[in-house]
Amino acid sequence: MTVSDDDGKREFSNQPPVIGTFKDYFLMVPYTWLAGNKESVFKQPHEIVLSESRARVYYPNLKPQEILGKVLLIDTVNYTVTGVIQDLEKN
């Protein structure tokens, strides 16, 4: 995975897999949205929502709101960040 930002491009290897989902998933699971919202995601192809912990890895110096619009290169596809959600607490 490649992350591009103002500091240039950074490569990440051995990352947990990206999990695909549909917009309705966010209607069923009570995530707290730190940036973006469940009504506005996945309106365009190649959008991605990051968990708070994953966002901190890729963009450690940015606030969740500042991450919106950033681009991640996964395999050969550019994905635009349209949301950041708080990590779910584990039982």
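How many bridges join β4 to β6, and do the two strands run parallel or antiparallel? I looked this up at the outset and found that β4 and β6 are parallel and are joined by five bridges.

**Confidence.** I note that the model is predicted. The mean pLDDT of the protein is 88, and 95% of the residues reach at least 70. I recorded strand β3 (residues 33–35) as the part with the highest confidence, at 97, and strand β1 (residues 2–5) as the part with the lowest, at a mean of 72.

**Cores.** I looked up the largest nonpolar core and found 13 residues in it. L50, Y58, Y59, I67, L72 and V81 have the most contacts inside this core. At least two of its residues come from each of β4 (47–51), α2 (52–58), β5 (71–74) and β6 (77–85). I also found a second, separate core of seven residues, F26, Y31, V41 and V49 among them.

I next asked which residues L72 touches, leaving aside those up to four places away in sequence. The list comprises M1, T2, V3, I48, L50, Y58, Y59, V77, N78, Y79 and V81.

**Strand β4.** Is β4 largely enclosed or largely open? I find it largely enclosed by the rest of the structure, because four of its five residues are buried.

**Aromatic rings.** I counted six aromatic pairs in the structure. One of them joins Y25 and F26 edge-to-face, with 5.3 Å from centre to centre and 75° between the planes. I checked the accessibility of both partners. Y25 has a relative accessible area of 29% and is therefore partly exposed, whereas F26, at 5%, counts as buried because the limit is under 20%. I also traced a cluster in which ring pairs link Y25, F26, Y31, W33 and F42.

**Positive phi.** I looked for the backbone angle of F42 and found a phi near 60°, a positive value in a residue other than glycine. F42 lies in the loop between β3 and β4, and its relative accessible area of 27% makes it partly exposed. D75 is likewise not a glycine, and its phi is positive at about 60°. I placed D75 in the loop between β5 and β6. With 72% relative accessibility, D75 counts as exposed, since the cut-off is over 50%.

Definitions and conventions
Residues numbered from 1 in each chain as written. Predicted model: local features only at pLDDT ≥ 70, side-chain atom pairs only at ≥ 80, totals over all residues. Heavy atoms only, no water. Core = buried A, V, L, I, M, F, W, Y, C linked by side-chain atoms within 4.5 Å. Buried < 20%, exposed > 50% of the residue type's maximum accessible area, 1.4 Å probe, protein only. Contact = heavy atoms within 4.5 Å. Pairing = 2+ DSSP bridges. pLDDT = per-residue confidence, 0-100. Phe/Tyr/Trp six-rings, centres within 6.5 Å; stacked < 30°, edge-to-face > 60°.
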